[in-house]
Amino acid sequence: MFIVAKLKRLRCYSRLQSIKKMKYRNQKFHSLLLWLTGLCLLMIQQLSAQPGSSEINGSIKTEEGLSLEGVSIVAVAGNQRSSAISGGNGNFTLKNLTVGKTYTITFTSVGYQPQVLSNVLPTINPKTLNITLKPTTASMENVVVTALGIKREEKALGYATTTLKGEQLTDALSNNWKDALSGKVAGLNLLRSNAGPMGGSKVILRGESNLTGDNEALIVIDGVIINSGSGRRSGESGAVYGTGSDNMPVDYGSSMDDINPEDIENITVLKGPGAAALYGQRAANGAIIITTKSGSRKGKGIGVTLNSNAAFESVNRWPDLQYEYGQGLNGAAHYSFGAGPDGASTSGTSSAYGPRFDGQSFYQYDPVTQAQAKERTPWVPFAGSQGVKGFFETGKTLTNTVTIDGGTDRTSARFSFTNVNNTWITPNTGYKRNSVALSVNSKVTDKLTI
């Protein structure tokens, strides 16, 4: 009995030990399960705490409230960088910004002061920025218009350029815009034909480079190449010079002289091989790029401008003149306008080595009948105010211009009318000119401008 009871106690003890072991195992398993659960929760918490990606939207306008296109936007945070360009309506979007990082955002555009925003903190919900840029005149002084109207910084060009503003052409208004270039561009030589106020002129850059061909600079107006040649005519080599109107050199001027200086925004002079690289072989002698004025979008409404200018000109200096011999050749003994009693005509020359002025009288030209005079008149020189100096007058040029311009956010227009009235230093010589210019620019879409 004792042995049986002892065996029962042992069995009960072993069962208790087994139960304790099972409980211990269950507790260990629960502890492991709790540890794994906590680890998962910690990982989830760490993942949720990591920063995500966000965006910053905004719009850019001028002080007048007009949308600005083409503004460069750069956001920097350490080694991370994001950039964008504003569209036609001035809107922009900076993408792939890290939430929680501090960014410095810079806004730059040609003709406007750069603006910098510091300590910009992106959030999970995209932010919106409204930026206003102020214009600056200093930056525009370093902008050059090259081929196809492309604007580049002057320091970024690899060739020599000179830019003239429209005000430099109209401060002292000339008969044509080419005359205004004289003395303002280094290496530019202006060759005039001395054919009067409408005579043609050549623009030579850095000297003559071709002995047989054309040495003139290429003229480009708003991206369009213009023929700057004139209808010059030289005298015949086989005939006597100056004996008739059919053997006199004539300069009919150039259509380039019809450009109104008041309509020019700026002129860029491209020198050397750099111009040839942009416009080809025709620009081997350099190029003159003219940008005309267009309507302003800075202010709403219509603007009217009236400009009046008066210029006077006179003979600068006189050559040395002789008053000892009159018209003729080889010291002829007589003078006769057409054949007459004194002999054959001696008026068919411009030389002044005829009869000496010695108190004699000849059959000369009669301005009333425009033929040979009926009586002899004294053979005397016309000196001082009675001679060559009295023939020339004081030239006058009166210029009046009316300009109407205006614009909206997407459209700008400019209309100008110019009246020029010129009386030159030679009597019965001058010109009258009426010029009309119309410029309309319209941005149909962000990628289409008419």
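Author: Go ahead. One term before we start: helices (H or I, at least four residues) and strands (E, at least two) are DSSP runs, numbered from the N terminus. Also keep in mind that this is a predicted model.

Reader: What share of the residues is buried?
Author: Buried here means under 20% relative accessible area. Among the 450 residues in the chain, the buried share is 30%.

Reader: What about contacts with a separation of 6 or more: what percentage joins residues 24 or more positions apart?
Author: Contact means heavy atoms within 4.5 Å. Of the contacts in the chain with a separation of 6 or more, the part from residues 24 or more positions apart is 56%.

Reader: Let's look at the sheets. In which order do the strands run in the open sheet that contains S2?
Author: That sheet has 4 strands, and the pairing is antiparallel. Its edge strands, each pairing on one side only, are strand S3 (80–85) and strand S6 (112–120). Neighbouring strands are turned by 15 degrees against each other on average, direction ignored. The order is S3-S2-S5-S6.

Reader: Which residue in the turn between S2 and S3 has a positive phi?
Author: Strand S2 (residues 72–77) pairs with S3 in the antiparallel sense over 6 bridges. Along that pair, Val76 stands opposite Arg81, and Val74 stands opposite Ser83. The two strands form a hairpin with 2 residues between them, and the residue in the turn with a positive phi, about 65 degrees, is Gly78.

Reader: Which residues other than glycine have a positive phi?
Author: One lies between S19 and strand S20 (361–362) and counts as exposed because its relative accessibility is 67%. The other lies between strand S21 (365–366) and strand S22 (371–372) and is exposed too, at 61%. With phi of about 55 degrees for one and near 55 degrees for the other, they are Asn330 and Gln370.

Reader: Now the sheet with S24. Why is one side of S19 and of S26 left without a neighbour in the sheet?
Author: This is an open sheet of 4 strands with antiparallel pairing, in the order S19-S24-S25-S26. S19 and S26 stand at its edges, so the reason is that each has a single partner strand.

Reader: By how many degrees are neighbouring strands of this sheet turned against each other?
Author: The value is an average over neighbouring strands, with direction ignored. For this sheet the turn is 10 degrees.

Reader: Is Thr399 buried or exposed?
Author: Thr399 lies in strand S24. Leaving out residues up to four places away in sequence, Thr399 touches several others, including Leu173, Asn307 and Thr418. The relative accessible area of Thr399 is 6%, which is under the 20% cut-off, so Thr399 is buried.

Reader: How far apart in space are Ile404 and Arg414?
Author: Ile404 is in strand S24 too, and its relative accessible area of 38% makes it partly exposed. Among the residues Ile404 touches, not counting those up to four places away in sequence, are Ile302, Val304, Arg414 and Phe415. Ile404 and Arg414 are 10 residues apart in sequence, and their C-alpha to C-alpha distance is 5.8 Å.

Reader: Last one: how much accessible area does the nonpolar patch with Ile404 have together?
Author: Besides Ile404, the patch on the surface includes Ile302, Val304, Phe415 and Val440. Strand S19 (302–313), strand S24 (395–407), strand S25 (411–423) and strand S26 (430–442) each supply at least two of its residues. Together the patch residues have an accessible area of about 980 Å².

Definitions and conventions: Residues are numbered from 1 along each chain as its sequence is written. This is a predicted model: local features need pLDDT of at least 70, side-chain atom pairs count only at pLDDT 80 or more; totals for chains, interfaces and linings use all residues. Side-chain values use heavy atoms; hydrogens and water are left out. Patches are made of residues with over 30% relative accessible area and no salt bridge: like charges are joined within 9 Å, nonpolar side chains (Val, Leu, Ile, Met, Phe, Trp, Tyr) within 5 Å. Accessible areas come from the Shrake-Rupley method with a 1.4 Å probe; for residues, only the protein chains shown count as cover. A salt bridge is a side-chain nitrogen of Lys or Arg within 4 Å of a carboxyl oxygen of Asp or Glu. Buried means under 20% relative accessible area, exposed over 50%, partly exposed in between (1.4 Å probe, protein chains only). Two strands pair if DSSP finds at least two bridges between them. Axes are lines fitted to C-alpha atoms, for helices over the stretch in contact, and angles run from 0 to 180 degrees between N-to-C directions.
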